[in-house]
Protein chains: 2
Amino acid sequence: MEVAHSLLVSHDKIEIMMASNSPCAACKFLRRKCNQDCIFAPYFPPEEPHKFANVHKIFGASNVSKILNEVLPHQREDAVNSLAYEAEARIKDPVYGCVGAISVLQRQLIRLQKELDATNADLIRFSTNQGSSFFNYPSNWNNDS
Amino acid sequence: MEVAHSLLVSHDKIEIMMASNSPCAACKFLRRKCNQDCIFAPYFPPEEPHKFANVHKIFGASNVSKILNEVLPHQREDAVNSLAYEAEARIKDPVYGCVGAISVLQRQLIRLQKELDATNADLIRFSTNQGSSFFNYPSNWNNDS
């Protein structure tokens, strides 16, 4: 999951698309004329038809348009990319969508925190015992008796 | 974020709702008759009107209905609850929605993994040096020279 990468704002790409005459992926999908003030055009390039198809399937064009109008212009590319990420996750996993990824990450965090706590406990025990007979019991055994 | 808790299936609640005569939150919101075979009724109780209002605002009733029909009956409560979680996150943060939570969790994981690596390195260094002069340098200093 490379969220940070997928949310990168590419202003060059936006400028190229605005100058292009071909309709954006959204207008192509919706079979409508793509005007200069099209809210979708900067974020749904014609060469990425799946990006719009996915958000359309999960959120609907009208809801995406409403969300875009709710946020500031400089936030719109991030908003579109996070919607596209959510839509793709929901298409891959219709039951949990990207909430499944949140659950996985939460479990990984809990596991890692436990491992860190055990390692810190080892370190304290080792420093207290000056290393003597330290490796006679498992590293995750927290009973000092 | 207690995802696991919010996804808990409450069969008792479903049965109570099915027996009740009041329309479900979805049908009330959409001002339509709530039939016995209403796809929303088991998952949108009348006493939680915001749950449906949120998923309706973000996904639309038709898309939620399509997703519910795509998954198996025993998966529907989890699907609805994950959609409700996503919708609430998007209403709170229209730019990143729950993808923002994924980014935060990913950053926490990276930080925790670094901390664990540093602690493990400390432990190895301590065992190698038999504890002598170990605490003369910071615990996260990985240069052994």
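Student: What makes the meeting of the side chains of B:Glu86 and A:Arg90 a salt bridge?

Tutor: The rule asks for a side-chain nitrogen of Lys or Arg within 4 Å of a carboxyl oxygen of Asp or Glu. B:Glu86 and A:Arg90 are 2.6 Å apart, N to O, so the pair passes. This is a predicted model, in which local features need pLDDT of at least 70, side-chain atom pairs count only at pLDDT 80 or more, and totals for chains, interfaces and linings use all residues; side-chain values use heavy atoms, without hydrogens and water. Residues are numbered from 1 along each chain as its sequence is written, while chains are lettered from A and ligands numbered from 1 in the order in which they are written.

Student: How many salt bridges does the structure hold over all chains, and how many are counted between chain B and chain A?

Tutor: Over all chains there are 10. The count between chain B and chain A is 4.

Student: What makes B:Arg90 and A:Glu86 a salt bridge, and which helices does the pair come from?

Tutor: The side chains of B:Arg90 and A:Glu86 are 2.6 Å apart, N to O. The pair crosses between chains, from helix α6 (residues 76-92) of chain B, which holds B:Arg90, to helix α6 (residues 76-92) of chain A, which holds A:Glu86. Helices (H or I, at least four residues) and strands (E, at least two) are DSSP runs, numbered from the N terminus.

Student: Are B:Arg90 and A:Glu86 buried or exposed, and how do you know?

Tutor: Relative accessible area decides: under 20% is buried, over 50% exposed, and partly exposed lies in between (1.4 Å probe, protein chains only). B:Arg90 has 1% and is therefore buried. A:Glu86 also has 1%, so A:Glu86 is buried too.

Student: Why is the pair of B:Glu70 and A:Lys57 said to join two chains?

Tutor: The closest N and O atoms of B:Glu70 and A:Lys57 are 3.4 Å apart, and the two form a salt bridge. B:Glu70 belongs to helix α5 (residues 61-70) of chain B, and A:Lys57 to helix α4 (residues 49-58) of chain A, so the pair joins two chains. B:Glu70 has a relative accessible area of 49% and therefore counts as partly exposed. A:Lys57, with 41%, is partly exposed as well.

Student: Why are A:Glu88 and A:Lys92 said to be separated by about one helical turn?

Tutor: These two side chains meet in a salt bridge with an N to O distance of 3.2 Å. A:Glu88 and A:Lys92 are 4 residues apart in helix α6 of chain A, which means a separation of about one helical turn. A:Glu88 is partly exposed at 38%, whereas A:Lys92 has a relative accessibility of 65% and counts as exposed.

Student: How many disulfides are counted over all chains?

Tutor: The count is 0. A:Cys98 has the sulfur of B:Cys98 as its nearest cysteine sulfur, 3.0 Å away, and is in no disulfide. A:Cys98 is buried, with a relative accessible area of 1%. For B:Cys98 the nearest cysteine sulfur is that of A:Cys98, 3.0 Å away, and B:Cys98 is in no disulfide either. B:Cys98 is buried, at 2%.

Student: Why are the two copies said to be related as by a two-fold rotation axis?

Tutor: Chain B is superposed on chain A by a rotation of 180° with 0.0 Å of shift along its axis, at an RMSD of 0.0 Å. The two copies are therefore related as by a two-fold rotation axis. In chain B, the C-alpha of B:Phe59 is the nearest to the axis, at 2.2 Å. The same surface serves both copies, as 100% of the contact residues of chain B recur in chain A. The superposition is by least squares on C-alpha atoms of residues with pLDDT of at least 70 in both copies.

Student: How many residues of chain B are in contact with chain A?

Tutor: 45 residues of chain B are in contact (heavy atoms within 4.5 Å) with 45 residues of chain A.

Student: How many helices and strands does chain A have?

Tutor: Chain A has 7 helices and 0 strands. Its elements run α-α-α-α-α-α-α from the N terminus on. Of the 145 residues in chain A, 46% are buried. Among contacts of chain A with a separation of 6 or more, 50% come from residues 24 or more positions apart.

Technical notes. Disulfide = S-S within 2.5 Å.
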